Amino acid sequence: MSENLCGVCQKMAAQWTCQECKVALCEQCVKEVRIESTRPGQRMMGRVTSPMKSGVKKIKVCDKCFREKEFLG
Ligand SMILES: [Zn+2]
Ligand SMILES: [Zn+2]
């Protein structure tokens, strides 16, 4: 009984956790969203914090948070 069920479909074993709302996710419910961290205005004291051009990071989220991220763009 140590199996951790997905918090979305309640059927499959959870393999990931939503990094936004911390819900358990199975392989069918997990979504991967790319976040670009290189936005205009993301500067600290006039200096760009990240010298890397590819400021895209991927996070695993649930469907609900995925849609919110998509909406926010
Ligand atoms: Zn699921
Ligand atoms: Zn979520």
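Residues are numbered from 1 along each chain as its sequence is written, and chains are lettered from A, with ligands numbered from 1, in the order in which they are written. Because the model is predicted, local features need pLDDT of at least 70 and side-chain atom pairs count only at pLDDT 80 or more, while totals for chains, interfaces and linings use all residues.

Begin by colouring the protein chain by secondary structure, which comes to six strands and one helix, in the order β-β-β-β-β-β-α from the N terminus; helices (H or I, at least four residues) and strands (E, at least two) are DSSP runs, numbered from the N terminus.

Next, select C6, C18, A24, L25, C29, V30, V61 and C62, the eight residues of the largest nonpolar core, meaning a set of buried Ala, Val, Leu, Ile, Met, Phe, Trp, Tyr and Cys residues joined through C-beta atoms within 7 Å. A residue is buried if 20 or more other C-beta atoms, placed from the backbone, lie within 10 Å of its own, exposed if 12 or fewer, and partly exposed in between; buried residues make up 11% of the 73 in the protein chain.

Stay on C6, whose contacts (C-beta atoms, placed from the backbone, within 7 Å) beyond four places in sequence include A24, L25 and C29.

Finally, select Q10, in the segment before β1 (16-17), which has a positive phi of about 60° although it is not a glycine, and which is exposed, with 10 other C-beta atoms within 10 Å.

Technical notes:
Two residues are in contact if their C-beta atoms, placed from the backbone, lie within 7 Å.
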